[in-house]
Amino acid sequence: MSVRDTNVRAHARKGSNVQKTPGVKSTKAANKEKISSVCDETDVTDEEKTVEMGGGRIKGLVKPPDQLKLTDIEKKEKITKVLTTHNPNAPNNIARWSFKDRCFKPCVVDHTMHIFELEVNLVYKNSEEGRKEMLKQGLHEDDATVDTGAESDKEKTETSATPVEDGGEVEEAGEEDRPDSAASKTDKKEPKIANVFACSRATQTLDNPPREISCQIEPLPRSSFSASANQWEIYDAYVEELQKQEKNKEKQKAVPSEKDDKSQKKMVLMEAQEADFKKVKKEAKSLERMVNQNIYDKIVQDFAYYEDPADEFRFPKATLLPLWKFKYDQAKKLSVTALCWNDKCPDLFGVGMGSYDFCKQGSGMLLFYTYKNCSFPEYIYPTSSGVLCLDIHKQRTYLVAVGLYDGCVAVYNLKKEGKEPIYKSTAKTGKHTAPVWQVCWQNDDMDNNHNFYSVSSDGRVVSWTLVRNELVFTDIIQLPLIGADPEEPELAQMHLIPCGTSMDFHKQIDYLFLVGTQEGKIYECKTYSSKILETYEAHHMTVDTVKWNYFHPKVFISCSSDWTIKIWDYTINTPVLTFDLKEPVGDVAWAPYSSTVFAAVTTDGNVHVFDLNINKYEALCQQLVVDKKKTKLTHIEFNPTHPIIIVGDDRGNVNSFKLSPNLRLKPKGKDGPEVEAAKMETLLALLRKPE
């Protein structure tokens, strides 16, 4: 190719940056005029046309004849285009069903469009990992830098060595220096662009780490059930179903009156409600307990964890911490006449409701509370007469013996549905003729029949045996008449009928028991003999309570309305200790964890707690536990497991209290029944009078 051709080709391009030397004529304008004249003279339909000039060929754009011609004002007009994030092709009328609102609702359409996604891992080139990758790919950082430096030096020497003789040479050199020229593309190697990363450029965003939410619950209880289905059971089931269908047909045939129709509808509704309630009875009871435990959460925390820190500074004095209060609205007018804990379920206790006002006697109740739900009783058994005493069986804790004011004794089974007792004495089966003041369960007889004992104001001590479907009674002893003259007629001796008011069996010797009387005497008796072993001149008024010690076999305690509490050694006819509380004493109870701790209640609303091992003369705790001054306390009982006492009053309320640490101190070192018995024996040795 000649120098002229290269000059024409160089001048035909726009935007050339080659510096022209003065004195050299440019043919660029002439070439442009020739190209435009050729395009105007010829009529072409193609968009491009090749023009030959000076041995060379030049391509130029040709305007089509139907091209739109715009004025200068229209060309300068600015047309704005707004880009939004909304997708015009996305539907806007999608509706979906909402299970929460029970209707169709329009749903939100996602307008996000993913145009390009690329997952890469960027590695820094100068890092160890980047160098390792470069070595794997066969690249060396030092070689690359050396190559790029050598190429740049060669280019500089070539450009500087080119002579400038005329305009053609300058233009040729300028053309070769241009990066888009053909010579530069063929002869010169493009230098590599330096990059600190060993991979292609890209953007990288952090992905939110996945999160897992899980919960753990206790495994659901499981129970295995198995039954056999034989021909007779299937037949009986079909017979029962046929009988039900026949009864329903008879009811439909009968045409009742309007009143009968209303009453039947009410009965049907009541039966349906009871049937529905039975289905969810267990679940509703669990839910009720959960709600109550949330309401009384502070009391639950105090019961489980709180220990009064002030006991360290006021030793040996102590206090009682109030916990739950149990009350039943329908028993407001009744008094608490008996309390008894369940040994297997230490949170459950029974309450006997009756009246000590013998001029206002009526119906009574047998209630069972648990401190898991203090707002309502667990079991409710209404009675035709007031309840005066109760006792829960030690092994079979679902059996409860009850003594009533009308002289009857009854046995309730907590497992069976219904409000009626499974056993109840009548006049034909030897019921008492006066109020029953105490009942006590005993060990089963030789035929494995359950039996219990009762004492009444008629002077009889009776043994009751549960035989199949009836109560069989046996008179054990008839209390003697005190002060009766055998020469006087029987009518004159009627006012001297002995009245038994309390009774308790020995903890180790099962045939030995004590009976307290209305005259203030205490009798020591045996179950297999009608003779009285010993008589104790105990009190001047009625013996309200008599109880054996849990640990020491010779010690028992008694209380009376004559304001006194007395502790006895049954080998001695006189009391070992006597406490005057200056108020009528309603009840007294030994602590099940210590042989020297006992508590009593008085009619002025105070609870007295003694520990003979610390103080033999005064109570460690004397605390008022009722709100109203006229409220009288009637009974007290220790929990067999937890450091809790429950106290009943004459308004039908039962209050529970936690003993402070000073009231439940135990000897250091060894612990057990032998240690407690030895502790009481040491105390008795100090109190016995020398012979």
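**Exercise 1. Burial of Phe 610**

Decide whether Phe 610 is buried or exposed in this predicted model.

Solution. The relative accessible area of Phe 610 is 2%. The cut-off for buried is under 20%. Phe 610 is therefore buried.

**Exercise 2. Trp 324 and Tyr 371**

Classify the ring pair of Trp 324 and Tyr 371, locate both residues and state their burial.

Solution. 

Step 1. A pair of aromatic rings is described by the distance of the centres and the angle of the planes. The model holds 29 aromatic pairs. One of them joins Trp 324 and Tyr 371, with 5.0 Å from centre to centre and 10° between the planes. Planes under 30 degrees apart count as stacked, so this pair is stacked.

Step 2. Trp 324 belongs to strand E5 (residues 320-326), while Tyr 371 is in the loop between strand E8 (364-370) and strand E9 (379-383). The two residues are 47 residues apart, and the pair links distant parts of the chain.

Step 3. Trp 324 has a relative accessible area of 4% and is buried. Tyr 371, at 13%, is buried as well.

**Exercise 3. Phe 598 and Phe 610**

Work out the geometry of the Phe 598 and Phe 610 pair, and which strands the pair ties together.

Solution. 

Step 1. The ring centres of Phe 598 and Phe 610 are 4.9 Å apart and the planes are at 10°, so the pair is stacked.

Step 2. Strand E27 (residues 597-602) holds Phe 598, and strand E28 (residues 606-611) holds Phe 610; the pair therefore ties together parts 12 residues apart in sequence.

Step 3. Phe 598 is buried at 0% relative accessible area, and Phe 610 is buried at 2%.

**Exercise 4. A ring cluster and two charges**

Identify which ring lies under the charged end of Lys 285 and which under that of Lys 415; then list the cluster that includes Trp 548.

Solution. 

Step 1. The charged end of Lys 285 sits over the ring of Tyr 379, 5.7 Å from the ring centre.

Step 2. For Lys 415, the ring is that of Tyr 398, with the charged end 4.4 Å from its centre.

Step 3. Ring pairs connect Trp 548 with Tyr 536, Phe 556, Trp 568 and Tyr 570 in a cluster.

Technical notes: Residues are numbered from 1 along each chain as its sequence is written. This is a predicted model: local features need pLDDT of at least 70, side-chain atom pairs count only at pLDDT 80 or more; totals for chains, interfaces and linings use all residues. Side-chain values use heavy atoms; hydrogens and water are left out. Rings of Phe, Tyr and Trp (its six-membered ring) pair if their centres lie within 6.5 Å; planes under 30 degrees apart count as stacked, over 60 as edge-to-face and the rest as tilted. Helices (H or I, at least four residues) and strands (E, at least two) are DSSP runs, numbered from the N terminus. Buried means under 20% relative accessible area, exposed over 50%, partly exposed in between (1.4 Å probe, protein chains only). A charge sits over a ring if NZ of Lys or CZ of Arg is within 6 Å of the ring centre and within 35 degrees of the ring normal.
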